[in-house]
Amino acid sequence: MTYLWKRYLQASLILRVTIALVMGVLVGIVGGDWVAVWLAPLGDLLLRLLTFLIVPIVLFTLMVGVNQSREGSAGRVGGKVFIYYLASSAFAIVVGLTVATLFSPGSGMTLNDSASFSVPENPGVVDALLNIVPGNIVAAFAELNMLGIIFTALVFGIALLKMRQSEQQHALGEQLYQVIEGLNEVTLKVMSGVLHFVPIGVFAIVAETVSQQGMETLLSLGDMVMVLYIALGAQLLIYCAVMLLFGVKLRSFFGEARTPMATAFATQSSSGTLPVTINAAQRLGIPKSIYGFSLPLGATLNMDGAAIRIAISAVFAANVIGAPLDLMSMVQIVLIGTLVTVGTAGVPGAGIIMIATVFAQVGLPIETVALLTAIDALVGMGATALNVTGDLVGTTVIARSEGHTLAEAPDEEGGHAVENG
């Protein structure tokens, strides 16, 4: 048993996660109802462990990252991050609308009169922006208000940087920074331990999802699922083109990115995958001053997969009622869809909230959302994987635009890549 455990730890994380995905699908298909009963706790444990790490990782990584930034570079990098995420989300919706228009998912289907769906409450763009500033720091942490946590980390990080630059408070500021840097290293050490459980949790989650969804659901709405994954693939090709433009070696990038992609695919949580995504950024050699800001923010704001899902769902709903979208409706979906993705939590089920909100705004039948909930897990997996990939692509491109050299061929397991700058 000890020998097997050592071999397990020595194997690369992506190999373990890949095997877990395949085994999960197989067990889910042949296992039946008992899979959900016996394996669900292992999947829940993984989600709890990943969620458990979100607050310390975002708080300490951001504070350390701000204090490692070169003077004048923090604002420039922040501007690049916001511009990239906004443009990427809008472009993803255009990609989704284009692919869906070509393939016309939902054509020939009819809406069941008995289908019903109540629109989930969405805070709206104004409230989402106001929630950036938490009324109560403790509540923001307890409720996992990602924008509030990021705001808190940035404010205190900048204040600490000012203390370290002050003649009167320099010594105290340095002492505080050493403590926070130590807490950040402890968090990363805990994260390295949690990563060993990721393949086990992924296996349990995939097996449970497949056993509950089954193949019948996939086949009944197969066109919708197929079109979505074609659009996700098209967006992935665009990522590759952008990275090549900035001199990123795709083999090195995907060698590290595939682990957070697979984890996001299984967990359907961008925020929950954040510890794994940060680990990949470290191994790529991206400076903490960049990934410490862009990845936590991206897990909340940048949802390219969700944006594509909104676009395809809108075309699907329009085709079901026999009223294809015109150009103005598509423009409206691009604008509203981009805004709706801001501030909507990167957790399982958030995609349905976004879709229902956009439908309500553009006048599409909410009843069609009831059809889409049947394949929520199947499409949510792919959309979340692309969400996380988009975050890491943006972080990598921004690092290259700042002149940083990425790791060529990081080791297969263990250790963090040497940081640049």
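This is a predicted model: local features need pLDDT of at least 70, side-chain atom pairs count only at pLDDT 80 or more; totals for chains, interfaces and linings use all residues.
1. Overall make-up. The protein has 18 helices and 0 strands. Of its 421 residues, 53% are buried. Among contacts between residues at least 6 apart in sequence, 84% join residues at least 24 apart.

2. Annotated spans. The unreviewed UniProt entry places the feature "transmembrane region" at residues 12-39, 45-66, 82-103, 137-161, 186-206, 226-248 and 331-359. Two of these spans can be set against the model. Residues 186-206 are 90% helix and 0% strand, with 30 Å between the end C-alpha atoms. Residues 226-248 are 87% helix and 0% strand, and there the end C-alpha atoms are 29 Å apart.

3. Helices α7 and α8. Two packed helices are described by the angle between their axes and the distance between the axes. For α7 (residues 146-165) and α8 (residues 170-195), the angle is about 135° and the axes are 6 Å apart. The pair is therefore classed as oblique, and the crossing is left-handed. On the α7 side the contact is made by Leu160, Met163 and Arg164. On the α8 side it is made by His170, Leu172, Gly173, Glu174, Leu176, Tyr177 and Ile180. By type, the residues of this contact are 6 nonpolar, 2 polar and 2 charged.

4. Helices α10 and α14. The axes of α10 (residues 222-245) and α14 (residues 304-320) come within 10 Å and cross at roughly 140°. This pair is oblique as well, but the crossing of α10 and α14 is right-handed. From α10, the residues in the contact are Met224, Val227, Leu228, Ala231, Leu232, Gln235 and Tyr239. They meet Asp304, Gly305, Ile308, Arg309, Ile312, Ser313 and Phe316 of α14. The residues of this contact divide into 9 nonpolar, 3 polar and 2 charged.

5. Leu49. This residue sits in helix α3, which covers residues 34-68. The position also falls in the span 45-66, one of those given by UniProt as "transmembrane region". Leu49 has a relative accessibility of 24%, and so counts as partly exposed, the cut-off for buried being under 20%. Leaving aside neighbours within four places in sequence, Leu49 is in contact with Val194 and Phe197. The C-alpha atoms of Leu49 and Gly272 are 8.7 Å apart, although the two residues are separated by 223 residues in sequence.

6. Positive phi at Ser104. Most residues other than glycine have a negative phi. Ser104, which is not a glycine, has a positive phi of about 50°. Ser104 lies in the loop between α4 (73-103) and α5 (124-130). With a relative accessibility of 31%, Ser104 is classed as partly exposed.

7. Positive phi at Gln268. Gln268 is another residue other than glycine with a positive phi, near 55°. The loop that holds Gln268 runs between α11 (250-267) and α12 (274-283). Is Gln268 buried or exposed? Gln268 has a relative accessible area of 14% and is therefore buried, whereas Ser104 is partly exposed.

Definitions and conventions:
Residues are numbered from 1 along each chain as its sequence is written. Side-chain values use heavy atoms; hydrogens and water are left out. UniProt positions are given in the numbering used here, feature names are shortened, and annotations may be inferred rather than shown by experiment. Helices (H or I, at least four residues) and strands (E, at least two) are DSSP runs, numbered from the N terminus. Buried means under 20% relative accessible area, exposed over 50%, partly exposed in between (1.4 Å probe, protein chains only). Contact means heavy atoms within 4.5 Å. Axes are lines fitted to C-alpha atoms, for helices over the stretch in contact, and angles run from 0 to 180 degrees between N-to-C directions. Angles under 35 degrees count as roughly parallel, over 145 as roughly antiparallel, 65 to 115 as roughly perpendicular and the rest as oblique. A crossing is left-handed if the near helix is turned anticlockwise from the far one by less than a right angle, and right-handed if clockwise. Ala, Val, Leu, Ile, Met, Phe, Trp, Tyr, Cys and Pro count as nonpolar, Asp, Glu, Lys and Arg as charged, and the others, Gly among them, as polar.
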